Amino acid sequence: MAFIGAVISSFAPIFLILSPLTSYTDQILAINRTRTSAGFSLDIPLIMLTASILKIFYWPGARYDLALLIQAIIMVAVQIVLLKVALNNRPPWRGEGPFKSMDQGRPFNFWRWKSQWLYWEYLLGLTLTLLTLHTFLRPTGSSIYTQTIGYIGLAIEAILPLPQIFANQRAQSCKGFRVSVLANWLLGDAMKLGFFFVSGSGKVPWAFKLCGIFQAFCDAGLGLQWWIYGDGREDRDRKDMLEKP
C-alpha cells in the first residue's frame with residue numbers, strides 16, 4: 001500500500017498538469033479537421049474556463065498543491081483554444097435543434113451568443129471582477145471569500161459532464177464527442193482521487209475531494225451513455241450502405 005501511495009504521489013502531479021493537453025487536444029484537432037463542432041457542447045469550455053479562473057484566484061488564500069494550480073493555468077490556455085475553434089466552426093443551427101430546449105431557459109441567451117466578442121467579454125469581465133475583489137478583500141485561507149470562490153469553482157468543474165450528458169441524451173448519440181476526451185476524464189478521475197486522498201491533508205482541501213467524487217460519478221454516467229449509444233458510426237455506416245448502387 002505504501003508503494004502504491006508513493007507511485008501515485010510521484011506520477012499523479014505530472015498527469016494532472018498534462019491532463020488539459022491530453023484530454024482536449026484530440027477534440028480541438030477533430031473539430032478543426034471536420035470543420036464542425038456539431039455534437040460538442042459549448043458549455044464544456046464555459047464550465048472549465050470559469051472553474052479554472054476561480055481555482056487560480058483560490059490559490060493565494062488556500063495555497064493548495066502547486067500541481068493543481070499549474071493544471072488550472074494550462075487548462076485556461078487549452079480551453080481558450082478549444083472555444084475559439086468551436087466558435088469558428090459552429091454549425092448554422094447552433095442554438096436550434098438539439099440545443100433548443102436548453103437555450104430557451106437562458107437569460108439573455110447566455111453562452112449562445114452570435115457574436116464571438118461576447119464570449120471573450122464574459123471571460124475578461126470575470127477575471128477583472130476577481131482581481132478587484134482580491135485587491136480589496138486580501139484573501140486568506142480562513143476567509144469566507146476564499147472558501148466561497150474555492151467551493152464555487154470546484155462545484156462548477158464537478159458538473160462538467162452534465163451538459164454533454166444532456167446533449168447525448170437528447171440526440172440518443174455521442175456523435176461529435178471524442179472518446180479520447182471521455183477516456184482521459186475517466187483516467188483523470190482515478191488519478192485525481194488517488195492523489196487527493198494519498199496527499200497530506202494540508203495539500204488538498206476537502207473541497208477538491210468532494211467535488212472530485214461527484215465528477216467521477218458523472219463521468220461514469222457519460223461512459224455508460226457511450227456504451228449504450230456509441231458515436232453514431234453505425235448510423236453513418238447504414239446510410240453509406242443504402243446510398244451505394
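Reader: Okay, which residues in H6 meet which residues in H9?
Author: Keeping in mind that this is a predicted model, the H6 side of the contact consists of Tyr151, Leu154, Ala155, Glu157 and Ala158, and these meet Trp206, Ala207, Phe208, Cys211, Phe214, Gln215 and Cys218 in H9. By class, the residues of this contact of H6 with H9 divide into 10 nonpolar, one polar and one charged.

Reader: And at what angle do H6 and H9 pack?
Author: Helix H6, which covers residues 144–158, packs against helix H9, residues 206–229, at an angle of about 15°, and their axes are 8 Å apart. Because angles under 35 degrees count as roughly parallel, H6 is roughly parallel to H9.

Reader: Is that crossing left-handed or right-handed?
Author: The crossing of H6 and H9 is right-handed.

Reader: Switching topic, how do the axes of H2 and H5 cross?
Author: For helix H2 (residues 43–62) and helix H5 (residues 116–137), the axes cross at roughly 15° and come within 11 Å, and the two helices are therefore roughly parallel to each other. The crossing of H2 and H5 is right-handed.

Reader: Which residues make the contact there?
Author: On the H2 side the contact is made by Leu46, Leu49, Thr50, Ile53, Leu54, Phe57 and Pro60, while H5 contributes Tyr122, Leu123, Leu126, Thr127, Leu130, Leu131 and His134.

Reader: How many of those are nonpolar, polar or charged?
Author: The contact of H2 with H5 has 11 nonpolar and three polar residues, and no charged ones.

Definitions and conventions:
Residues are numbered from 1 along each chain as its sequence is written. This is a predicted model: local features need pLDDT of at least 70, side-chain atom pairs count only at pLDDT 80 or more; totals for chains, interfaces and linings use all residues. Side-chain values use heavy atoms; hydrogens and water are left out. Axes are lines fitted to C-alpha atoms, for helices over the stretch in contact, and angles run from 0 to 180 degrees between N-to-C directions. Helices (H or I, at least four residues) and strands (E, at least two) are DSSP runs, numbered from the N terminus. Angles under 35 degrees count as roughly parallel, over 145 as roughly antiparallel, 65 to 115 as roughly perpendicular and the rest as oblique. A crossing is left-handed if the near helix is turned anticlockwise from the far one by less than a right angle, and right-handed if clockwise. Contact means heavy atoms within 4.5 Å. Ala, Val, Leu, Ile, Met, Phe, Trp, Tyr, Cys and Pro count as nonpolar, Asp, Glu, Lys and Arg as charged, and the others, Gly among them, as polar.
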